[in-house]
Amino acid sequence: MAVAGLVVVLALVAWFTPLLAARTVTIEGLATVPEQQVRDALQVPDGVSLLRLDTDEMARRVAAIPKVHSVRVRRDFPSTIRVSVQERTAVLYFDSPQGSHLLDADGVEFAIEPPPPGVPKLTTAHPGDSDPVTRAAVTVLTAASRGLRGQVGEVVARSVSDIELELRDGRTVLWGGAADSARKAEVVVPVLTRPGQVYDVSTPDLVTVR
């Protein structure tokens with residue numbers, strides 16, 4: 001009985017007193033998001049036990065930062081909050097009067113700022129993360145191998161079924177639509193070893209080079 005009472009007392013102390021309050025917050029995975037912005041979003045209260053913190057809600061607040069793709073918040077007893085952040089990475093950008101809009105691999109428009117070196121430009125009529133042609137262009141580019149993506153300077157998307165990759169060396173890959181992109185990604189790499197300027201993989205079983 002005495003042991004049970006002691007357990008209850010210790011539980012109450014842990015729950016209601018600052019004994020297990022967060023004294024340290026460690027944040028991992030940041031590259032472009034300011035650490036202070038994450039700390040402000042966490043809103044870690046002073047003197048509140050780790051047991052009473054809603055880490056899911058804290059994670060949701062951090063995830064609302066546009067450049068954050070995902071986040072994990074966990075308690076590390078006795079007094080630490082550990083935060084792991086995965087930032088969004090630009091795979092395409094498009095220009096507007098406001099500046100360059102960055103798109104990630106999910107097609108999410110997450111920043112207006114100069115694109116990182118090597119990120120291809122998207123040219124399409126109505127770019128944006130709600131535009132189906134933009135989403136198709138992102139799907140096409142992310143399906144390509146890392147080596148091919150590194151050669152792409154511009155993605156020209158006239159419609160969801162008319163997408164081409166303009167390579168930095170002046171060659172063009174006619175991709176077509178996003179359908180069968182995995183198969184197209186397989187055949188395009190060996191095809192690019194052939195002499196030519198235009199490589200049509202829109203029908204991956206009937207590739208043409210001219």
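1. Thr208 is found in strand S12 (residues 208-209); strands here are DSSP E runs of at least two residues and helices are H or I runs of at least four, numbered from the N terminus. At 36% relative accessibility, Thr208 is partly exposed. The cut-offs are under 20% relative accessible area for buried and over 50% for exposed, with partly exposed in between (1.4 Å probe, protein chains only). Thr208 touches Val198, Tyr199 and Asp200, not counting residues up to four places away in sequence. Contact means heavy atoms within 4.5 Å. The C-alpha atoms of Thr208 and Val198 are separated by 8.2 Å, and the two residues sit 10 residues apart along the chain.

2. On the basis of the values: this is a predicted model, where local features need pLDDT of at least 70 and side-chain atom pairs count only at pLDDT 80 or more, while totals for chains, interfaces and linings use all residues. Residues are numbered from 1 along each chain as its sequence is written, and side-chain values use heavy atoms, with hydrogens and water left out.

3. Thr124 lies in strand S7 (residues 121-124). Thr124 is buried, at 17% relative accessibility. A polar atom of its side chain lies 2.7 Å from the backbone oxygen of Ala157. Leaving aside neighbours within four places in sequence, Thr124 is in contact with Asp131, Val133, Thr134 and Ala157.

4. Ser100 belongs to strand S5 (residues 99-103). Its relative accessible area is 13%, so Ser100 is buried. The Ser100 side chain makes a polar contact with the side chain of Asp95 (2.8 Å). A polar contact is a pair of N or O atoms within 3.5 Å; within protein, one must be able to donate a hydrogen and the other to accept it, and residues adjacent in sequence count only if both atoms are side-chain atoms. Not counting residues up to four places away in sequence, Ser100 touches residues including Tyr93, Phe94, Ala111 and Pro115.

5. Helix H2 (residues 35-42) has Val38, Ala41 and Leu42 as its buried residues. They cover an arc of only 100° around the axis, which puts them on the same side of H2. The arc is that of the directions from the helix axis to the C-beta atoms. The buried residues of H2 pack against strand S1 (24-28), helix H3 (55-63), strand S2 (68-76) and strand S3 (80-87). Gln43 follows H2 and has a positive phi, near 55°.
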